Amino acid sequence: MGCFKPISFFCSVFFFAILACILLLQSEAEAKELYYDFVLKEANFTKLCSTKSAMVVNGSFPGPVITARKGDTVYVNVHNEGTYGVTIHWHGIKQPRNPWFDGPEYITQCPIQPGTNFTYTVLLSSEEGTLFWHAHSDWTRATVHGAFVILPAENTTYPFPEPDHEEVLVFASWYKEDVPTLMDEALKYGGLTTLSDSYAINGQPGDFYECSNETTFRLAVDHGSTYLLRLVNSVQNTDMFFAIADHNLTLVGVDGNYVKPFVTNYLMITPGETMDILVTATQPLGHYYMLISPYFDGQADDFDKSVTSAIFQYNGNYTPPTSPIYPDHIPGFYDVDAARNFDRQLKSLASLEHPANVPQHITTRIFITLSISMLRCPNDSCDGPDGNRLASALNNISFANPAIDVLQAYYRNISGYYEANFPDKPPTLFNFTAEDLMTDNITLSDQGTRVKMLNYNETVEIIFQGTNVMNSGENHPVHLHGFKFFVVGAGVGNFDNETDPLTYNLIDPPELNTFPVPKDGWTVIRFVADNPGVWFMHCHFDRHMSWGMDTAFIVRNGDTEETSVRPPPEYMPSCGENSIYSGDEQSMFKLEE
């Protein structure tokens, strides 16, 4: 029987609801289960005129690309054939209700010990675009990382013209010395960390380093074709500019989310960020440099000041040039305006198919300062200022890993391994961006395993305030596990809670998983706490993370099974004698007595 005219509106609503359910069921039916094997072990690499052994996955640097479609489930069996414990994190993947497989050591699991294996279950949900996977234990990310490409679901496509070809470009740091040894020494003596010897594009340092121009990565392109370049920044401690000589770049995605396309001749990409760009090969046949060049806005000036190259190389019949064309428009190392102008252009697509559901009403507001700080050393015996240990902090708390992971302690109700009292504001209010902030009550941080509790479905706003404590202010790329969030505002100076909220973009702000907090400035994010579990938040500079610029959120269960943490797997890597699992390993960054 048909619908009568007076209720045709309701029939239409009913029809579209049924259609949506059918499409959802069809999408779920088409979702696939994919299987990968990762073998972690040492391999020899010769770069920069020297050979060293490094931990890698499946013998390659960078590691293998995982390719899946939106909504798929990916199983990755990690076999550790190395000499120390390792975990793997699926950067930017929400893992709905599934924190057991998120990966950060001593937050959601303990390391996979040598001679053992562990299978991760990676649940894809709303992610679409380029993300990446990487080690999340000590500094092993330096060589253990790779791209995670998430294609549109079956029978859907990109919200931009289909490219002719796709290519992954992974940016990384390269050290001539053994990275775990460098980390051990830096953390033992409490001083500055060793700088990298080069950067790399797809594992190669490029033309501007010794013994490197024979192996420079080359991307062969056809004239007139459009390329979707999937960029991953896995550099250890440095933001990077990227450019291709004489070619415009159209940014279409960031952090596994689509953005309003805009054309630019350079990008600024922080460690932990991923970007999707379209490039059309329209220039005269030839060779064109693709460069990554460091961006630094701090006062310490302690960064690797080298530039890494790859070559955008046209196919065809022509005489190769003696040298590729150089991108003279790439910003300089200290070009703060270029970095900030790029970030200001990021906006969500905010379309019917890809909406921007920005939280409008906030139930929990948190103010977090980011600072370089110090911890006291016995007899002033460390290599930091005044014999102290260099540290970093959020709200003056330097995070310390417990002996067993926070998730296990929370789920099993094991007391004594964390405190649920991370503060909603710093202990002392002062002019955060002033010069010469050197007094002990500001420079000395407290060490602890302190986390923030959130109720299920709270709407959260976090104001991140950069500080100039110890004259060490700089840009900090902050990454939050388990969520995508909207960056609704950013600015320079101290945050003003009366005037700065008036500048928020609550219509189409970018939806990200990693975001920069500018030097002596602020950034505001919003998200809904709809993913129960334990989720790490940290600066994505590895040295700052290991110094303590971290915390974790524990999102309590909702009222139903579908809004509660999934049950743990039958096996998790062991954490020590205090764990429900047997073993005797301890945290490298364990809380000091």
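These legends accompany close-up views of a predicted model.

**View 1. Confidence along the chain.** The average pLDDT of the protein is 92, and 92% of the residues score at least 70. Residues 1-17 fall below 50, with one contact in the model beyond near neighbours in sequence. Residues 19-25 also stay under 50, with zero contacts beyond four places in sequence.

**View 2. The disulfide of Cys49 and Cys211.** Here is one of the three disulfides found in the whole structure; its S to S distance is 1.8 Å. Cys49 sits in the loop between strand 1 and strand 2, and Cys211 in the loop between strand 10 and strand 11, 162 residues apart. The torsion about the S-S bond is about 90 degrees, so the link is right-handed. Cys49 is partly exposed at 43% relative accessible area, while Cys211 counts as exposed at 56%.

**View 3. The disulfide of Cys110 and Cys575.** The sulfur atoms lie 2.1 Å apart, and both cysteines are buried. Cys110 belongs to the loop between strand 5 and strand 6 and Cys575 to the segment after strand 32, so the bond ties together parts 465 residues apart in sequence.

**View 4. The disulfide of Cys377 and Cys382.** This pair, at 1.9 Å from S to S, forms a left-handed link with -80 degrees about the S-S bond. Cys377 is buried at 9% relative accessibility, as is Cys382 at 11%.

**View 5. The second largest pocket.** Its volume is about 550 Å³. Among its 26 lining residues, Asp343, Arg344, Val487, Gly489 and Ala490 are the closest to the centre. Strand 27 gives the largest share of the lining, six residues. By class, the lining has 14 nonpolar, six polar and six charged residues.

Conventions: Residues numbered from 1 in each chain as written. Predicted model: local features only at pLDDT ≥ 70, side-chain atom pairs only at ≥ 80, totals over all residues. Heavy atoms only, no water. 1 Å grid on protein atoms, 1.4 Å probe; cavity = no way out; pocket = protein on both sides within 12 Å on 5 of 7 lines; lining within 4 Å. Points joined across faces, edges and corners; volume = space filled by probe spheres on them. Helix = DSSP H or I, 4+ residues; strand = E, 2+ residues; numbered from the N terminus. Nonpolar A, V, L, I, M, F, W, Y, C, P; charged D, E, K, R; others polar. pLDDT = per-residue confidence, 0-100. Contact = heavy atoms within 4.5 Å. Disulfide = S-S within 2.5 Å. Buried < 20%, exposed > 50% of the residue type's maximum accessible area, 1.4 Å probe, protein only.
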